[in-house]
Amino acid sequence: MTIADTQAHLEALQHRLADLLREVQTVIVGQDDVLRGIVTCLLAGGHGLLEGVPGLGKTLMIRTLAAAVDLSFARIQFTPDLMPADIVGTSVLVDRPGGGRELAFQPGPIFNHIVLADEINRATPKTQSALLEAMAEGQVTAAGKTRPLPEPFLVLATQNPLEMEGTYPLPEAQLDRFLFKIDVPFPGERELLAILDRTTGTKTAAARPVLDGPTLLEMRRFVRAVPVVPSVAEYVVRVLRATHPDDARATDLVKRYVRFGGSPRGAQAVLLAARIRCVMDGRKSPSIDDVRAVASSALRHRVILNFEGEAEGIAVDKVIGQVLTSVPADADRSRS
């Protein structure tokens, strides 16, 4: 592919992503950063964990995105009595056309392109593991067979930060399987007025398809081929290492309040998301600013606070923010 072809492909991809965001925003008011985060997960082939209070439109947002990319969608309400078979499916006895009966596999809701795992921390660890296995492997084992999941496949899970009683928090190793943890903020006054205008009248907005599955898979391949200069990759590594309290670059907050820093998956998530961000903005290669813009979403669920940090209510984003401001972009200055 020539430079001109690459530039044309980049511009076409940027326009398609802009069309996708605009189409979703015909239904969803505001939440631009949340939408960009979800689209980043979609393009990266990673999964997202959304945290926000009830009633912010998380389900509608994900359902609208599925409609805009013309992919199948399923919502699973996680509850303590939800069983793994309720997610992956089970064998049922059915009548044969010629007489008699046989066991046939009935696929569960996991066999959709986009799956919303609503309040994932309300289900038992066994049920959570069934979902997380599908996320990691892209396939499930049911009724004695390994069954591939459709491509593209994306899980978007939600958590309610207000009600933690009777829940089963995801272990650190399972949280690490999510590309992003996205905070869903409460809307502002203008956004609330727009929401009331769109939802309490006689007209109901609906998104039309602007992408499809094969196009999305092609876009995934393109963003992974976006070149990264060595200095940006080296900066990602320095930032990740600085989240570990035993690293020489660790900040005061990290040394005092962090038990474990980010994993190598965190560095992968940061760099891939930086690639996608630069493509969304129509640039050919990610910069240090792209890394800084996506680092919190990629690392906030991977940096684990110690007991003192939890007790004092230290915000992980504050810890990551200090790391980003203290780690220099220039490798030579970081060694001096």
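These legends go with a set of close-up views of a predicted model.

**View 1. The largest pocket.**
Let us start with the open space of the largest pocket, which has a volume of about 640 Å³. Its lining is made of 22 residues, and those closest to the centre are K181, R300, H301, E310 and V316. Which elements give two or more residues to this lining? They are α6 (172-175), β9 (178-183), β11 (304-305), α13 (307-311) and α14 (316-326). Sorted by class, the lining of the largest pocket holds 10 nonpolar, four polar and eight charged residues.

**View 2. The second largest pocket.**
Here the view moves to the second largest pocket, with about 520 Å³ of space. At least two lining residues come from each of α5 (125-137), β9, α8 (213-224) and α11 (264-280). Helix α11 gives the most, with four residues. The lining of the second largest pocket divides into 11 nonpolar, five polar and eight charged residues.

**View 3. The cavity.**
How many cavities of 30 Å³ or more does a search of the whole structure find? The search finds one, and the volume of this largest cavity is about 40 Å³. Around it you will see V236, V239, L240, A267, V270, V291, A295 and L299. Helices α9 (230-242), α11 and α12 (288-299) each give two or more residues to this lining. By class, the lining of the largest cavity has eight nonpolar residues, no polar ones and no charged ones.

**View 4. V236, a residue of the cavity lining.**
Staying with the cavity, this view picks out V236, one of the residues that line it. V236 sits in helix α9. Is V236 buried or exposed? With 6% relative accessibility, V236 counts as buried, because the cut-off for that word is under 20%. Setting aside neighbours within four places in sequence, V236 is in contact with A267, V270, L271 and V291. A295 is another residue of the cavity lining; V236 and A295 are 59 residues apart in sequence, yet their C-alpha atoms are 8.8 Å apart in space.

**View 5. Helices α9 and α12 side by side.**
Two packed helices are described by the angle between their axes and the distance between the axes. For α9 and α12, the axes come within 11 Å and cross at roughly 35°. The crossing of α9 past α12 is right-handed. On the α9 side the contact is made by S231, V232, Y235, V236, V239 and L240, and on the α12 side by I288, V291, R292 and L299. In this contact, eight residues are nonpolar, one is polar and one is charged.

**View 6. L10 and its partners.**
This view turns to helix α1 (residues 3-24), where L10 is found. Which residues does L10 touch, leaving aside its neighbours within four places in sequence? L10 is in contact with F222, V279, G282, R283 and K284. Sequence and space tell separate stories here: L10 and M280 are 270 residues apart along the chain, while the C-alpha to C-alpha distance is 9.0 Å.

Most residues other than glycine have a negative phi, and most peptide bonds are trans. The peptide bond from E151 to P152 is cis, with omega near -5°. You can find P152 in the loop between β7 (145-148) and β8 (154-159). D70 has a positive phi, near 60°, and belongs to the loop between α3 (58-68) and β2 (73-77). For E119, phi is also positive, near 55°; E119 is in the loop between β5 (114-118) and α5.

Conventions. Residues numbered from 1 in each chain as written. Predicted model: local features only at pLDDT ≥ 70, side-chain atom pairs only at ≥ 80, totals over all residues. Heavy atoms only, no water. Contact = heavy atoms within 4.5 Å. 1 Å grid on protein atoms, 1.4 Å probe; cavity = no way out; pocket = protein on both sides within 12 Å on 5 of 7 lines; lining within 4 Å. Points joined across faces, edges and corners; volume = space filled by probe spheres on them. Nonpolar A, V, L, I, M, F, W, Y, C, P; charged D, E, K, R; others polar. Axes fitted to C-alpha atoms, helices over the stretch in contact; angles between N-to-C directions. Left-handed = near helix turned anticlockwise from the far one by under 90°. Buried < 20%, exposed > 50% of the residue type's maximum accessible area, 1.4 Å probe, protein only.
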